[in-house]
Amino acid sequence: MDRTAAPQAGEALAGPVSGEPRRPLGPRDPGDAWVEGERGRFWGRFGSAGLLVHDPEKGVLLQHRALWSDQGGTWGLPGGALHQGEDAIHGALREAREEAAVPPENVRVLFTSVFDVGYWTYTTVVAEAHRPFEAAISDPESLELAWVGIDAVASRELHPGFAAAWPGLRSRLTEALRTSGRA
């Protein structure tokens, strides 16, 4: 089940400052802030979510993260901070549309996976493209987008969080595709 977590008392929040490439005029949503605690600093006051979309003909859609972003230059998923009150599936679909022009009506959610540090969560929303679409860079958070075969994902320089999650996500994705007759 999807869960988001608000920061606990005593945890620091820091939003982007004016002039940052991500938000040149400062935060545009109260969720656009860093959350800091004993397990580290994470983006998204209300948690974050990303979309792992698989197209049977093309593979998995990956985002080459802008150099100015956290862990810039690595490959990950289109995604970002959740808005206050937003569920993770909606947030992942919104972010994927904003960053990679993924049409939500062209994907079917298969499952979610939640990474939870107690005061912050990241939800990976795993979906299948049931109608083909062309991904396109639609904001400054990407250097490039690429469809990558499941077997080739780990050969990229992955965002550390995605790299840690990929083996389990790959296994669950492969199983979901196999059970649905699409693998």
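Which residues have the most contacts inside the largest nonpolar core? In this predicted model, they are Leu 52, Val 60, Leu 62, Val 153, Phe 162 and Trp 166, and the core has 18 residues. At least two of its residues come from each of β5, β10 (142–148) and α2. Helix α2 gives the largest share, 6 residues. There's also a second, separate core of 17 residues, with Val 53, Leu 61, Ala 92 and Leu 93 among them.

Let's zoom in on Val 60. Leaving out residues up to four places away in sequence, Val 60 touches a whole list of others, including Leu 52, Ala 146, Trp 147, Val 153, Trp 166 and Leu 173.

The largest pocket holds about 770 Å³. Its lining is made of 34 residues, and Arg 65, Trp 120, Tyr 122, His 159 and Gly 161 are the ones nearest the centre.

| Kind of residue in the pocket lining | Number |
|---|---|
| Nonpolar | 14 residues |
| Polar | 11 residues |

Several elements supply at least two lining residues each, among them β3 (40–43), β5 (59–65), α1 (88–100) and α2 (160–179). Helix α2 has the largest share here too, with 6 residues.

Strand β3 also has a partner. Strands β2 (residues 34–37) and β3 run antiparallel and are joined by 4 bridges. The hairpin between β2 and β3 goes through 2 residues.

How values were computed
Residues numbered from 1 in each chain as written. Predicted model: local features only at pLDDT ≥ 70, side-chain atom pairs only at ≥ 80, totals over all residues. Heavy atoms only, no water. 1 Å grid on protein atoms, 1.4 Å probe; cavity = no way out; pocket = protein on both sides within 12 Å on 5 of 7 lines; lining within 4 Å. Points joined across faces, edges and corners; volume = space filled by probe spheres on them. Nonpolar A, V, L, I, M, F, W, Y, C, P; charged D, E, K, R; others polar. Pairing = 2+ DSSP bridges. Core = buried A, V, L, I, M, F, W, Y, C linked by side-chain atoms within 4.5 Å. Buried < 20%, exposed > 50% of the residue type's maximum accessible area, 1.4 Å probe, protein only. Contact = heavy atoms within 4.5 Å.
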